[in-house]
Amino acid sequence: MRYNKIRKMDISNGPGVRVSIFMQGCVFNCKNCFNPETHDFNGGKEFSDKTIEMILNLCNKDYIVGLSILGGEPMHPKNIEGTVELARAFKKKFPKKTVWVWSGFLYDDIMERNKEVFDYIDVLVDGQYDDNLYSPTLKWRGSSNQRVIDVQKSLKEEKIVLYE
């Protein structure tokens with residue numbers, strides 16, 4: 001598995017100041033994707049235990065409220081195990097900080113393939129970006145078909161609950 005970049009202080013991908021990692025590799029190739037450089041699975045840098053350690057160190061500051069995992073596609077079969085490993089390590093060290101994930105895959109599809117990842121995710125923005133449904137007024141998503149899902153409430157209620 002590979003990643004494209006890490007932002008040490010990100011204020012655009014989730015609430016508050018966060019650390020963000022952009023996973024490498026995506027098969028969706030959405031028209032006008034804001035990160036086309038992340039599509040090639042062979043690009044970027046090697047994701048390893050050292051990457052996780054670096055991210056945890058970056059998050060170990062009081063002003064960092066959480067971790068955002070984007071792409072590329074963090075839920076692609078080639079990336080999901082690394083995403084789970086990172087989110088698990090993050091939640092173990094920072095149980096009160098939040099994990100947000102962006103995926104072109106839908107909640108139900110992810111649930112079928114790897115339910116464990118939801119043990120560590122607070123919010124999932126799901127659905128492929130659709131350039132025809134783009135709106136600059138949307139919060140934390142690019143197109144109106146995408147959902148901002150409160151994962152933990154959704155698990156408890158056994159239905160999709162949108163994040164407020």
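**Cysteines and charges**

Author: The cysteine sulfur closest to that of Cys33 is in Cys30, 6.2 Å away, which is too far for a bond.

Reader: What kind of model is this, and how are the residues numbered?
Author: It is a predicted model, in which local features need pLDDT of at least 70 and side-chain atom pairs count only at pLDDT 80 or more, while totals for chains, interfaces and linings use all residues. Residues are numbered from 1 along each chain as its sequence is written, and side-chain values use heavy atoms, with hydrogens and water left out.

Reader: How many disulfides, then?
Author: Zero disulfides, where a disulfide is a pair of cysteine sulfur atoms within 2.5 Å.

Reader: Salt bridges next. How many are there?
Author: The structure has six salt bridges, a salt bridge being a side-chain nitrogen of Lys or Arg within 4 Å of a carboxyl oxygen of Asp or Glu.

Reader: Which residue pairs with Arg2?
Author: Glu46 does, with an N to O distance of 3.1 Å. Arg2 is in strand E1 (residues 2-10) and Glu46 in strand E3 (residues 45-46), so this pair ties together parts 44 residues apart in sequence. Helices (H or I, at least four residues) and strands (E, at least two) are DSSP runs numbered from the N terminus. Arg2 is partly exposed at 23%, and Glu46 is partly exposed at 49%.

Reader: And Lys91, what does that meet?
Author: Lys91 meets Asp122 in a salt bridge, 2.9 Å from N to O. Lys91 is in helix H2 and Asp122 in the loop between helix H3 (107-113) and strand E6 (123-126), 31 residues apart. Asp122 and Lys91 are both buried.

Reader: What about Asp126?
Author: Asp126 forms a salt bridge with Arg147, and their closest N and O atoms are 2.5 Å apart. Arg147 is in strand E7 (residues 147-150) and Asp126 in strand E6, so the pair ties together parts 21 residues apart in sequence. Asp126 is buried at 0%, whereas Arg147 is partly exposed at 27%.

Reader: Switching to the surface. Which residues make up the negative patch?
Author: Asp49, Glu53, Glu81 and Glu85 form it. Helix H1 (49-59) and helix H2 (80-93) each give two or more residues to the patch, and Glu53 is in helix H1.

Reader: Now the backbone. Where is the cis peptide bond?
Author: It joins Gly71 and Gly72, with omega about 15°. Gly72 is in the loop between E4 and H2.

Reader: Which residues other than glycine have a positive phi?
Author: Among them are Asn29, with phi near 50°, and Glu158, with phi near 55°. Asn29 is in the loop between strand E2 (17-23) and E3 and is partly exposed at 47%. Glu158 is in the segment after helix H4 (151-157) and is exposed, with a relative accessible area of 74%.

Technical notes. Patches are made of residues with over 30% relative accessible area and no salt bridge: like charges are joined within 9 Å, nonpolar side chains (Val, Leu, Ile, Met, Phe, Trp, Tyr) within 5 Å. Accessible areas come from the Shrake-Rupley method with a 1.4 Å probe; for residues, only the protein chains shown count as cover. Lys and Arg count as positive and Asp and Glu as negative; His and the chain ends are not counted. The place of a charge is taken as NZ of Lys, CZ of Arg, CG of Asp or CD of Glu. Buried means under 20% relative accessible area, exposed over 50%, partly exposed in between (1.4 Å probe, protein chains only).
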